[in-house]
Amino acid sequence: MDALYMLIPIALIVMIVVVVAFIYTVKSGQYDDLEGPAHRILMDDDDPRIPGAQETNKKESD
């Protein structure tokens with residue numbers, strides 16, 4: 001029974017830390033675009049159909 005007096009405050013502290021970390025990540029925009037990076041890795045940067053890809057390729061070659 002004495003262990004509960006120690007474990008309950010520790011559990012509350014851990015819960016508060018997790019909630020603060022979750023709120024920080026939501027406010028920093030980490031969950032705004034969940035599908036963009038997954039699709040971006042499949043696209044080829046040299047594809048001329050992607051707008052802006054040719055401009056960046058020209059700048060890199062200069």
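Me: Which helix has the highest confidence and which has the lowest?

Reply: Where pLDDT is low, the predicted coordinates should not be read in detail. Here confidence is highest in H1, at a mean of 96, and lowest in helix H3 (residues 53-61), at 57. The protein averages a pLDDT of 82, and 71% of the residues score at least 70.

Me: Then let's look at H1. How many residues does H1 have, and how far does it reach?

Reply: An α-helix has 3.6 residues a turn, so residues three or four places apart point the same way. H1 has 26 residues, and from its first C-alpha to its last it reaches 39 Å. That is close to the 38 Å expected at 1.5 Å a residue.

Me: Where does UniProt place the feature "transmembrane region"?

Reply: The unreviewed UniProt entry puts it at residues 6-26. In the model this span is 100% helix and 0% strand, and its end C-alpha atoms lie 31 Å apart.

Me: What comes just after H1?

Reply: Look at the backbone there: Gly-29 takes a positive phi of about 85°.

Me: Is Thr-25 buried or exposed?

Reply: Compare its relative accessibility with the cut-off: buried means under 20%. Thr-25 is at 17%, so it counts as buried. Thr-25 is found in helix H1 (residues 2-27). Leaving aside neighbours within four places in sequence, Thr-25 is in contact with Gln-30 and Tyr-31.

Me: What share of the residues in the protein is buried?

Reply: Buried residues make up 6% of the 62 residues. As for the surface, the protein exposes about 6000 Å², and carbon and sulfur atoms supply 65% of that area.

Me: How many aromatic pairs are there, and how do I read one?

Reply: A pair of aromatic rings is described by the distance of the centres and the angle of the planes. The count here comes to one aromatic pair. The rings of Phe-22 and Tyr-31 have their centres 6.1 Å apart and their planes at 40°, so the pair is tilted.

Terms used. Residues are numbered from 1 along each chain as its sequence is written. This is a predicted model: local features need pLDDT of at least 70, side-chain atom pairs count only at pLDDT 80 or more; totals for chains, interfaces and linings use all residues. Side-chain values use heavy atoms; hydrogens and water are left out. Buried means under 20% relative accessible area, exposed over 50%, partly exposed in between (1.4 Å probe, protein chains only). Accessible areas come from the Shrake-Rupley method with a 1.4 Å probe; for residues, only the protein chains shown count as cover. UniProt positions are given in the numbering used here, feature names are shortened, and annotations may be inferred rather than shown by experiment. Helices (H or I, at least four residues) and strands (E, at least two) are DSSP runs, numbered from the N terminus. Contact means heavy atoms within 4.5 Å. Rings of Phe, Tyr and Trp (its six-membered ring) pair if their centres lie within 6.5 Å; planes under 30 degrees apart count as stacked, over 60 as edge-to-face and the rest as tilted. The expected span of a helix is 1.5 Å times one less than its number of residues. pLDDT is the predictor's confidence in each residue, from 0 to 100.
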